[in-house]
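Good morning, colleagues. Please have the sequence and the coordinates open as I speak.

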Amino acid sequence: MQRNTRQRSAILETLSRQDDFRSAQQIHEQMRADGETVGLATVYRNLQALSRSGRLDVLVAGDGESLYRQCEDTGHHHHLVCRECGRTVEFLAPRLEASMTAIAHEHDFTDVDHTLEVFGLCADHSGIDASAGADGDSGRGDGADAR
């Protein structure tokens, strides 16, 4: 069980106002702009602890930098991330989960875990009408539950 320190509370408060993934430096800069006196090392340490506890999602960017976002859903979920603006949508994919379990079983793997981040362009940046997906329906032909 983690202690809920003032710094942790401030980090969670900062992230609660963000919709996209942010680097530790960006979070630190925002906290300082908000008047928080916290060191960058403290931000890093707390972000790692919060992500280990499942309170934050972590996305590893193409350059290897970890980016953080407060979870909307504490259960297992995946993300759609706009490459242009960083907008992020959490979604569930029960059929994908079943497929991953079957593949692992087929190869005699147990205790399997995975992450999935799908990158693309959101409706604002792709020119697609947000009320009709690319194929004219909800945009989720795979049965995934979007949030």
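How are helices H1 and H3 oriented to each other? Before I reply, please note that this is a predicted model. Helix H1 covers residues 6-16 and helix H3 residues 40-52, and the two pack at an angle of about 75 degrees. Angles of 65 to 115 degrees count as roughly perpendicular, and H1 and H3 are therefore roughly perpendicular to each other. Their axes lie 10 Å apart. On the H1 side, the contact is formed by Gln7, Arg8, Ile11, Leu12 and Leu15. H3 contributes Thr42, Val43, Asn46, Leu47, Ala49 and Leu50.

Aspartate 57 is buried, yet it forms no salt bridge. Arginine 69 has the nearest side chain of opposite charge, at 4.1 Å, whereas a salt bridge requires a distance within 4 Å. Beyond its neighbours within four places in sequence, aspartate 57 contacts several residues, including Phe21, Tyr68, Arg69, His77, His79 and Glu90.

Finally, cysteine 85. This residue sits in the loop that joins strand S4 (78-82) and strand S5 (88-92). Its relative accessibility is 34%, so cysteine 85 counts as partly exposed. Setting aside residues up to four places away in sequence, cysteine 85 touches Asp20, Cys122 and His125. Histidine 125 is 40 residues away from cysteine 85 in sequence, with 8.0 Å between their C-alpha atoms.

Conventions
Residues are numbered from 1 along each chain as its sequence is written. This is a predicted model: local features need pLDDT of at least 70, side-chain atom pairs count only at pLDDT 80 or more; totals for chains, interfaces and linings use all residues. Side-chain values use heavy atoms; hydrogens and water are left out. Buried means under 20% relative accessible area, exposed over 50%, partly exposed in between (1.4 Å probe, protein chains only). Lys and Arg count as positive and Asp and Glu as negative; His and the chain ends are not counted. Contact means heavy atoms within 4.5 Å. Axes are lines fitted to C-alpha atoms, for helices over the stretch in contact, and angles run from 0 to 180 degrees between N-to-C directions. Helices (H or I, at least four residues) and strands (E, at least two) are DSSP runs, numbered from the N terminus. Angles under 35 degrees count as roughly parallel, over 145 as roughly antiparallel, 65 to 115 as roughly perpendicular and the rest as oblique.
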